Amino acid sequence: MREFFLFCILLFSGATNLQAQTEYRVLPRDFNSDKTQQMMRSYLRQQVHAAMDKRRSELEAALKSDKGIFDYQQKRRTALVDSLGTLPERTPLHAQTLGTIQQPGFTIEKILYESQPGFHVTANLYRPAGAGPFPAILHPVGHSENGKAYESYQRANRLLVQHGFIVLCFDPIGQGERKQILDATGTPHHRGSHEHQELGVAPILLGRSLGTYMLWDGIRGIDYLYSRPDVDQSRIGCTGNSGGGNLTSYLMAFDDRIVAAAPGCFMTTHRFKNESPGPGDAEQNLYGQIGSGFDHPDYILTRAPRPTLILAATKDFVPIEGTWNAYRQAKRVYTQLGYPERVNLIEANDKHGFSQRLREGAVRFFARWLQGRQLEVFETEDTPVLTDQELQVTPQGQVLSLKNERSLFDLFTNYEQQLVENRPPLTRKLIRQVTGIRNLKDLPEPGIRLLDSKESSSSPQRLVITPEPGISLPALYWPDGKATPVLIAPSSGMNSSVNTAQQLNAQGHPVLVVEVRDTGETKTRTWRFPGADYYIAHMLGRCWLAMQAEDLLISARWLQSQHKDKSVELQTEGELGPAALHAATLEPALISELKLKETLNSWHELMTSRNAFHHLHMAVQNGLSYYDLTDLDTLRSKK
């Protein structure tokens, strides 16, 4: 019995040693352990800082003259329009008033309008008693689950209407009565922020942003205000907090009908915000805005010298240091133009939110610039708050319950079809233009660092491949063999492919297992949400898929060079599939065979996917304007 026990121990020990021998690591174990200094964060940080430094130099030069400021404004407006992509067509609003709530001194109308055909926006319109016409405030709200019914937003609306303003407060996409992802019982499946992430992937492929659709809802809200005889069209304002501050910033920079604007708990700078808390929801990250030199303050600078008030909170997660930096930039521009009094900042000693002092400050600001009045405004403690049901516009509390209602997914597929019908002939040159993937001859020669020598036929060499400064790609290399070299790029880390690599090597194939950037040992540890680094690259105008595809091409070329210039077989799976497909399509002489498994087959699938965020890293800006992944297979077959 004792001998059997000892035998079991020896057997277990041997198995453990064997397992230890097959668990490989190339980079130091503390690599990427510091979340603020992770490889991709550090790599992208340098590019963000360079772009923002260039922007500040341009701003300093512009401040020397009014013409310089005008030219600076025009350049930033163009950048903003390009980032948002093509806007939807302006179609009839078909606005309806579905009910009215009587309140002391004002009414609340339940408004339903179509920002696009069959795509309804739910809103409450607060109207003072009297004939008017009144100045009007558009109020896009922040990320509250109950949208327009959120308590602090109701309080802001009441304070404004009590001081003579019409207020149109609407539910953004994915909030309140405008949830787009419901379960079988009609219950919202996600909280607003998460739903925004799921809804944010398809617009990228369509050359837009989720923010484009949200901006359009607000623009159509102004159209609705313009349609009312009790609204003074020359006195339109806009305010919102958090996500509503984001939308206010978009609207005030884009739509010249907004005379005065007060964005709340949003204004800062990319340099500060990208560090903490990081990129916001999908709608807040516009393609190429950082790369083109468009910073948060530019939402104000592009509208100078129109009156603008920054609403901020000391204890906000939005970096207050960046807020003051943005304000100082704006103050200098407004002063140069001769209107220093038209831009201001209120900092409440509070946390993130449309708090009382910010609400009061917003009303005073709008009274000054839209009514010509200097007021002392103080909110009373007994302000009533209505229930979600009382403010509800639709019969069942969700627009998707309306007959013939179109969802955002319907809009995605409809717009995709328009793009498909107008696609140009697909060529490899066009693919490179869309993705930014460079020709093989233009890719740099990588640095190769050998960490140890080969000990046996079953033990690979450990390599670090450096395709460019700041990027390290861990790799395992089995150099022996006369058959076709095989490059394996596992999305789940090198150790998941060791057995396959050993089997291929035993069959005579030299094998290189490489972890391209943001996989395996260099995979970003989530520091806000999965995809934060993707969105920083996206705002820089960088394509994540292109970066990974170039890693594959550089690795394949090096492997080819080690084996008498034979072509290479590429194997991968999961999230790297589309990058590998692009690499193989663009360089068929280098990658003669491609094996993919368990990967996304078509971008078209993401137009209706309720779990698209999982595929964010595969999305190419405006890709569907030119091709889908299935078209690459067709092009590959032509060699």
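The exercises below work through salt bridges, cavities and backbone features of one predicted model.

Residues are numbered from 1 along each chain as its sequence is written, and side-chain values use heavy atoms, with hydrogens and water left out. Because the model is predicted, local features need pLDDT of at least 70 and side-chain atom pairs count only at pLDDT 80 or more, while totals for chains, interfaces and linings use all residues.

**Exercise 1.** Describe the salt bridge between Lys54 and Glu58.

Solution. 
- Step 1: A salt bridge is a side-chain nitrogen of Lys or Arg within 4 Å of a carboxyl oxygen of Asp or Glu. For Lys54 and Glu58 the N to O distance is 3.0 Å.
- Step 2: Helices (H or I, at least four residues) and strands (E, at least two) are DSSP runs, numbered from the N terminus. Helix H2 (residues 39–62) holds both Lys54 and Glu58, four residues apart, about one turn of the helix.
- Step 3: Buried means under 20% relative accessible area, exposed over 50%, and partly exposed in between (1.4 Å probe, protein chains only). Lys54 is exposed because its relative accessibility is 52%. Glu58 has 22%, so it is partly exposed.

**Exercise 2.** Describe the salt bridge between Arg257 and Asp223, and state whether the two residues are buried or exposed.

Solution. 
- Step 1: The closest N and O atoms of Arg257 and Asp223 are 2.6 Å apart.
- Step 2: This pair links distant parts of the chain, 34 residues apart. Arg257 is in the loop between helix H8 (243–254) and strand S7 (260–264), and Asp223 is in helix H7 (residues 210–227).
- Step 3: Both Arg257 and Asp223 are buried.
- Step 4: Salt bridges also link Arg257 and Asp223 in a network with Arg90, Arg220 and Asp255. The structure holds 36 salt bridges.

**Exercise 3.** Describe the largest cavity and its lining.

Solution. 
- Step 1: On a 1 Å grid over the protein atoms alone, a cavity is a set of points where a 1.4 Å probe fits but cannot get out, and lining residues have an atom within 4 Å of a point. Grid points are joined across faces, edges and corners, and a volume is the space filled by probe spheres set on the points.
- Step 2: The whole structure has six cavities of 30 Å³ or more. The largest contains about 90 Å³ of space.
- Step 3: Its lining has 13 residues, with Arg41, Arg45, Asn274, Glu275 and Ile536 nearest the centre. H2 gives the most, six residues.
- Step 4: Ala, Val, Leu, Ile, Met, Phe, Trp, Tyr, Cys and Pro count as nonpolar, Asp, Glu, Lys and Arg as charged, and the others, Gly among them, as polar. The lining of the largest cavity has five nonpolar, three polar and five charged residues.

**Exercise 4.** Describe the phi angle and surroundings of Asn404.

Solution. 
- Step 1: Phi of Asn404 is near 60 degrees, a positive value in a residue other than glycine.
- Step 2: Asn404 sits in the loop between helix H13 (388–391) and helix H14 (408–421).
- Step 3: Asn404 has a relative accessible area of 65%, so it is exposed.

Conventions
1 Å grid on protein atoms, 1.4 Å probe; cavity = no way out; pocket = protein on both sides within 12 Å on 5 of 7 lines; lining within 4 Å.
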